[in-house]
Amino acid sequence: MVEALKRIAAEPYDALLTDLHMPGAGDGLTVVSAMRHANPTAVTLLLSAFPHMEAAAQAILLQADEILLKPIEAKSIVHVIKNRMAMRPVRNRQIESVAAVLERTTESAIQEWYKLILRERLVMSVPMSHDLRCGHLPQLFRELVARLLSRASIGSAASVSAAAANHGLNRRRAGYSAAMLVEESRLFQATIFRTLQSNLATIDPSLLLAGVMTIADEVDSQLSQAMASFTADSLPGAPPAWA
């Protein structure tokens with residue numbers, strides 16, 4: 001795989017044929033992602049020995065043009081490659097950063113998060129309008145994007161978020177429990193990762209892992225700050241705070 005990555009980076013190619021199942025876990029996907037990044041219009045074909053993998057792979061491997069099931073004759077592979085190359089450009093692929101994807105999908109991601117929340121009986125036991133339930137999310141997305149663009153190292157000192165603190169206070173006053181606040185955050189993180197998976201074909205693969213780690217770090221930081229104000233507001237003698 002290392003040699004393949006070196007060659008992909010060194011010169012342009014018209015087509016890629018790789019096995020999905022290499023010695024290293026995910027190696028086939030790594031090669032496809034590298035080709036999509038270096039040569040967006042190249043034909044990319046994956047070989048798989050397991051027929052039942054095809055449906056799952058099609059859902060996950062949005063960057064591959066076709067998955068060929070082994071065993072397959074060489075002349076059939078040549079035929080597929082020729083047909084695919086005749087259809088080029090296969091797609092006009094725009095490469096985006098993780099931050100750009102989140103900016104573009106903020107509204108739809110918020111609606112997906114709300115759908116998940118509607119199925120959580122514990123959280124929904126506290127009556128609240130859609131606007132109040134989702135009102136903190138646009139700012140949370142803005143701060144998440146800002147963190148991604150800042151390229152601050154993972155685990156670095158968290159920047160103070162007044163919005164996160166206010167969110168903790170407001171949820172406490174609405175009647176939330178600590179468990180509800182944590183569940184909201186968990187579902188938010190799950191929604192973000194689903195959004196990234198749905199946009200995998202457009203994300204710069206060299207930035208994906210760092211972006212996912214940054215997102216997890218920032219969401220945990222925001223939850224920590226919200227929880228701190230949530231707890232402080234419940235302490236006896238705590239001064240009133242206004243949203």
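Leaving aside its neighbours within four places in sequence, which residues is Ile 215 in contact with? The legends below take this up after an overview.

**Figure 1. Overview of the predicted model.** This is a predicted model, in which local features need pLDDT of at least 70 and side-chain atom pairs count only at pLDDT 80 or more, while totals for chains, interfaces and linings use all residues. Residues are numbered from 1 along each chain as its sequence is written, and side-chain values use heavy atoms, with hydrogens and water left out. The protein has 11 helices and 3 strands; helices (H or I, at least four residues) and strands (E, at least two) are DSSP runs, numbered from the N terminus. Along the sequence the pattern reads α-β-α-β-α-β-α-α-α-α-α-α-α-α. Of the 243 residues, 39% count as buried, where buried means under 20% relative accessible area, exposed over 50%, and partly exposed in between (1.4 Å probe, protein chains only).

**Figure 2. Surroundings of Ile 215.** Contact means heavy atoms within 4.5 Å. Apart from neighbours within four places in sequence, Ile 215 is in contact with Val 98, Leu 102, Leu 144, Leu 148, Gln 189, Ile 192, Phe 193 and Leu 196.

**Figure 3. The largest nonpolar core.** A nonpolar core is a set of buried Ala, Val, Leu, Ile, Met, Phe, Trp, Tyr and Cys residues joined through side-chain atoms within 4.5 Å. The largest one has 34 residues, and Leu 102, Trp 113, Phe 188, Ile 192, Leu 196 and Ile 215 touch the most other members. Two or more residues each come from helix H5 (98-118), H8, helix H10 (178-198) and helix H11 (205-234). H5 gives the largest share, 10 residues. Apart from this core lies another, of 11 residues, among them Ile 8, Leu 16, Val 32 and Ile 67.

**Figure 4. A nonpolar patch on the surface.** Ile 154, Leu 209 and Met 213 form this patch, with about 300 Å² of accessible area together. A salt bridge is a side-chain nitrogen of Lys or Arg within 4 Å of a carboxyl oxygen of Asp or Glu. Accessible areas come from the Shrake-Rupley method with a 1.4 Å probe; for residues, only the protein chains shown count as cover. Ile 154 is in the loop between helix H8 (137-150) and helix H9 (162-174), and is partly exposed at 43% relative accessible area.

**Figure 5. Lys 82 in helix H4.** Lys 82 belongs to helix H4 (residues 74-86) and is exposed, with a relative accessible area of 59%. The C-alpha atoms of Lys 82 and Ala 15 are separated by 9.7 Å, although the two are 67 residues apart along the chain.

Definitions and conventions
Patches are made of residues with over 30% relative accessible area and no salt bridge: like charges are joined within 9 Å, nonpolar side chains (Val, Leu, Ile, Met, Phe, Trp, Tyr) within 5 Å.
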